[in-house]
Amino acid sequence: MKGESHMAEVAYIDASRIFPGTPPVHAVDELNLEIADGEFLVLVGPSGSGKSTALRMVAGLEDTDRGSIHIGGGDVTSVSPKSRDIAMVFQSYALYPHMTVAENMGFALKLRRMSRSAIREKVERAAEMLDLGPHLDRKPRELSGGQRQRVAMGRAIVRDPSVFLMDEPLSNLDAKLRVETRANIASLQRQLGTTTLYVTHDQVEAMTMGHRVAVLADGKLQQVDTPRELYERPVNSFVAGFIGSPAMNLRTAPLTAEGALLDGSPIPLPRTALSAASAHGLDEVTLGLRPESLNLNTSEQEGVALTVELVEELGADALVHAKPESAGSAERLVIRTDGRRPPALGERISVTARDPEELHLFDPRTGSRLSR
Ligand code: ADP
Ligand code: MG
């Protein structure tokens, strides 16, 4: 459906947006990020991390105070929003209530003075892709939430832009519909091959949709990688704790000759990790253990002794929340275990690390990853 084959990579080069105030807010702080032609890149981060501002900088709806924005190799930093050849889909679909679905979808083309028959053809083609064919003559109020969301997508598609910009377009849908729709958007994007920058605060959405995912915190890019790399090799403890559900267990752990002490019990570490820590002059590390990297033992002899405080049965898996028995340590560890044989509440268990290679070590002073 793509018209001319316009290359449309997007690049932020040292791009900053600073809102005036005392102190000024560095909403986007020296961002360097490239989205390849045809790529689906997801920008994820907590609320207030600068995602919408970054997206709006590409659209031209927000100034770029320092650095530059490039689309298709050209510097568009001072190009008006209208001339940037992008289409945006927002959280609020902002459909015109008095117009039909077809009129809503074709409105931008009408403004461009495209002929009625050409508009009709484009709208019908998009409606077919979006399963909206039978609804073209309805008004938005006659549609379900999911259908309205698709009209908003359709409005972007008919414009045949170089770049799609989407800001939390699924947040008004219920959980089940959100899962369905994210699969539909991902497959639509594959079909169209249009470069897409997609913003969400939901890391599961990010991981399931993005070719690559860029993690933002406080306006600063933390890491941009494939979902797998982000999960397996987070560059710092922020990304480690943000990506993954349930979250990685992160603890400050003193180092001994045997490894890291987790609530008083030694967790063996790979030698490379130990030497990386000592090269940094550390006597403690931030130790990261994913819930599935912990083994539940029946014997209380080895590992970290814990008392079960909560069991969440998910069916195939169960999540065990357990509190260390050693005094002074308040934080629960979360362990993913076989859903068929979960321990009982109050039961005393012990856990060991499944594989030293699955441990994550960070510098407690900077949060940076220590080894590998
Ligand atoms: P996100 O989309 O990740 O939730 P935003 O990009 O909306 O984050 O906001 C990033 C930061 O910039 C926040 O601290 C927010 O309060 C601030 N901010 C956003 N827009 C403005 C504005 N127009 N004026 C002042 N501060 C703003
Ligand atoms: Mg936002």
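**View 1. Gly-288 in strand β14 of the predicted model.** Gly-288 is placed in strand β14, which spans residues 284-289, where strands (E, at least two residues) and helices (H or I, at least four) are DSSP runs numbered from the N terminus. With a relative accessible area of 0%, Gly-288 is buried, a term that stands for under 20% relative accessible area, against over 50% for exposed and partly exposed in between (1.4 Å probe, protein chains only). Not counting residues up to four places away in sequence, Gly-288 touches Met-248, Asn-249, Leu-250, Glu-358, Leu-359 and His-360, contact being defined as heavy atoms within 4.5 Å.

Residues are numbered from 1 along each chain as its sequence is written, chains are lettered from A and ligands numbered from 1 in the order in which they are written, and side-chain values use heavy atoms, with hydrogens and water left out.

**View 2. The largest nonpolar core, around Met-105 and Val-215.** This core, a set of buried Ala, Val, Leu, Ile, Met, Phe, Trp, Tyr and Cys residues joined through side-chain atoms within 4.5 Å, has 42 residues, and Met-105 and Val-215 have the most contacts inside it. Helix α4 (residues 145-157) gives the most to this core, with five residues. Apart from it lies another core, of 26 residues, among them Ala-8, Leu-165, Val-199 and Ala-214.

**View 3. The largest pocket.** About 730 Å³ of space lies in this pocket, a volume being the space filled by probe spheres set on grid points joined across faces, edges and corners. A pocket is an open set of points on a 1 Å grid over the protein atoms alone, where a 1.4 Å probe fits, with protein on both sides within 12 Å along at least five of seven lines, and lining residues have an atom within 4 Å of a point. Of the 24 lining residues, Ile-86, Ala-87, Met-88, Ala-108 and Arg-159 are the closest to the centre of the largest pocket.

**View 4. The second largest pocket.** The second largest pocket has a volume of about 350 Å³ and is lined by 13 residues, of which Ala-102, Glu-103, Lys-110, Arg-116 and Ile-119 lie nearest its centre. Helix α2 gives the most to this lining, with five residues.

Terms used:
This is a predicted model: local features need pLDDT of at least 70, side-chain atom pairs count only at pLDDT 80 or more; totals for chains, interfaces and linings use all residues.
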